[in-house]
Number of protein chains: 2
Amino acid sequence: MYYTVGEIAKEIGLSPHTLRFYSKEGLLPFVDRSESGVRMFKDSDFEWLFLIECLKKTGMPIKDIKAFIDLGMQGDGTIGQRLELFRRQKQRVEEQIAELQAQLDVIKYKCWYYETAKSAGTCAVHETIAEEEIPQEIRYIREKSRRMHRLDGTNGPSRAIKIPKASEPSGAAGC
Amino acid sequence: MYYTVGEIAKEIGLSPHTLRFYSKEGLLPFVDRSESGVRMFKDSDFEWLFLIECLKKTGMPIKDIKAFIDLGMQGDGTIGQRLELFRRQKQRVEEQIAELQAQLDVIKYKCWYYETAKSAGTCAVHETIAEEEIPQEIRYIREKSRRMHRLDGTNGPSRAIKIPKASEPSGAAGC
DNA sequence: TCCTGGCTTAGAGTTCACTCTCAGGTTCAA
DNA sequence: TTGAACCTGAGAGTGAACTCTAAGCCAGGA
């Protein structure tokens, strides 16, 4: 049971162009070819394709994916190296998730910030808002974020800059 | 208290080049300038910068970040739009995290796969491994992954392809 | 037999987000 | 006053990952 590049493309949600590009980059050495050079994908190739997708979606560059494919092509002798590769990738993905979680916190804070500002009609509420009015989760996020972004001002500007001449304060609007 | 582009760059971990590039792209309309045109960052600009970083780290393209900055510059009238923007971004980040979690599962499965193959000396163990030998978590991941990747074969190849001529089976090695 | 549509390769073009080079201006410290 | 170390804008270059074009081949149906 063989599939052409177009059929596979539809199946896994990539364009035939992209699949040929991967092929050119050496990511698909496992696909068979017909006499006339047409790529013939077989069912067992899907496993490779899903693995490629997985590594791609977790931010691995194509040349690193190729390195993995090449290890796979060499057979059982490279199992240890492949294990190491996936362990490193596991670590990286966990870091990515942690980073996104941290940014999600910032975004949640801003959602609350704008919700509050919206019902007050102005961002200025946040200058006078009482600590008790802030939801627990938001208070926690805000504290954590402040600890991270603390600028102690001990390393102030090393160069004096002339005071701007009658420039209206451009950054008057809060974010 | 003003900072030059180089000082800010050091503080937030970007290059002065990058900061000027952002400036050129219209991401920093809030920074003051000296008489001679030197960028003068103030403490309150950090809030904007951290927000830009947040949106960038969560995959928002520069032109969309600019759209947000522009809304911010317009003041309180755009609070509703900014709220909507952050709500959409929240949704996207949650999706990104879910996607990474799914891929992390695949990676965990492969870690187990190679660990097992390593101690057996060959990937071939996985053709004969008993269901009870598979850890609970792995079994669960594998089932979920199989449900997702199910290829029912009902939409087989639409074009006949000549059987390849004595081509050795290239994809013999499992992944 | 010819048309259609999908396949092939090589290679050029695109988009994004930087990243760097250049030529010149500004500021401070010695 | 002079040198170092910044700064400026314009614009070219980079690398990653596509994305598309061109010219041509091949199989099946009207």
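This is a predicted model: local features need pLDDT of at least 70, side-chain atom pairs count only at pLDDT 80 or more; totals for chains, interfaces and linings use all residues.

Let me begin with the two copies. Chain B can be laid on chain A with an RMSD of 0.2 Å.

Now the contact between the chains. Chain A puts 72 residues into the contact, and chain B also puts in 72 residues. On the side of chain B that touches chain A, the elements giving two or more residues are β1 (2-3), α1, β2 (32-33), α3 (45-57), α4 (62-73) and α5 (79-120). Helix α5(B) has the largest share of that side, with 25 residues. By type, this side of chain B holds 32 nonpolar, 19 polar and 21 charged residues. Of the interface residues of chain B, 100% are also interface residues in chain A, so the copies meet through the same surface.

Next, the DNA. How many residues lie around DNA strand D? There are 18, and those that come nearest are Phe21(A), Ile62(A), Thr4(B), Gly6(B) and Arg39(B). The elements with two or more residues in this surface are α2 (16-24) of chain A and, from chain B, α1 (5-12) and α2 (16-24). Helix α2(A) gives the most, with three residues. The surface near DNA strand D is made up of seven nonpolar, seven polar and four charged residues.

Two of those elements, α1(B) and α2(B), also pack on each other. Their axes come within 8 Å and cross at roughly 110°. Helices α1(B) and α2(B) are therefore roughly perpendicular to each other. From α1(B), the residues in this contact are Val5(B), Gly6(B), Ile8(B) and Ala9(B). They meet Pro16(B), Leu19(B) and Arg20(B) of α2(B). The contact of α1(B) with α2(B) divides into five nonpolar residues, one polar and one charged.

Chain A has its own pair to look at. Helix α1 (residues 5-12) of chain A packs on α2(A) at an angle of about 110°, and the axes are 8 Å apart. That makes α1(A) roughly perpendicular to α2(A). Here α1(A) contributes Val5(A), Gly6(A), Ile8(A) and Ala9(A), while α2(A) contributes Pro16(A), Leu19(A) and Arg20(A). Five of the residues in the contact of α1(A) with α2(A) are nonpolar, one is polar and one is charged.

Is Ile107(B) buried or exposed? Ile107(B) has 26 C-beta neighbours inside 10 Å, and a residue needs 20 or more to be called buried. Ile107(B) therefore counts as buried. Apart from neighbours within four places in sequence, Ile107(B) is in contact with Cys54(A), Phe86(A), Gln89(A), Lys90(A) and Val93(A). Within chain B, Ile107(B) and Ile141(B) are 34 residues apart along the chain, and their C-alpha atoms are separated by 9.9 Å.

That is where I will stop.

Note on methods
Residues are numbered from 1 along each chain as its sequence is written. Chains are lettered from A and ligands numbered from 1 in the order in which they are written. A residue is near a molecule or strand if its C-beta atom, placed from the backbone, lies within 6 Å of it. Helices (H or I, at least four residues) and strands (E, at least two) are DSSP runs, numbered from the N terminus. Ala, Val, Leu, Ile, Met, Phe, Trp, Tyr, Cys and Pro count as nonpolar, Asp, Glu, Lys and Arg as charged, and the others, Gly among them, as polar. Two residues are in contact if their C-beta atoms, placed from the backbone, lie within 7 Å. Copies are superposed by least squares on the C-alpha atoms of residues with pLDDT of at least 70 in both. Axes are lines fitted to C-alpha atoms, for helices over the stretch in contact, and angles run from 0 to 180 degrees between N-to-C directions. Angles under 35 degrees count as roughly parallel, over 145 as roughly antiparallel, 65 to 115 as roughly perpendicular and the rest as oblique. A residue is buried if 20 or more other C-beta atoms lie within 10 Å of its own, exposed if 12 or fewer, and partly exposed in between; C-beta atoms are placed from the backbone.
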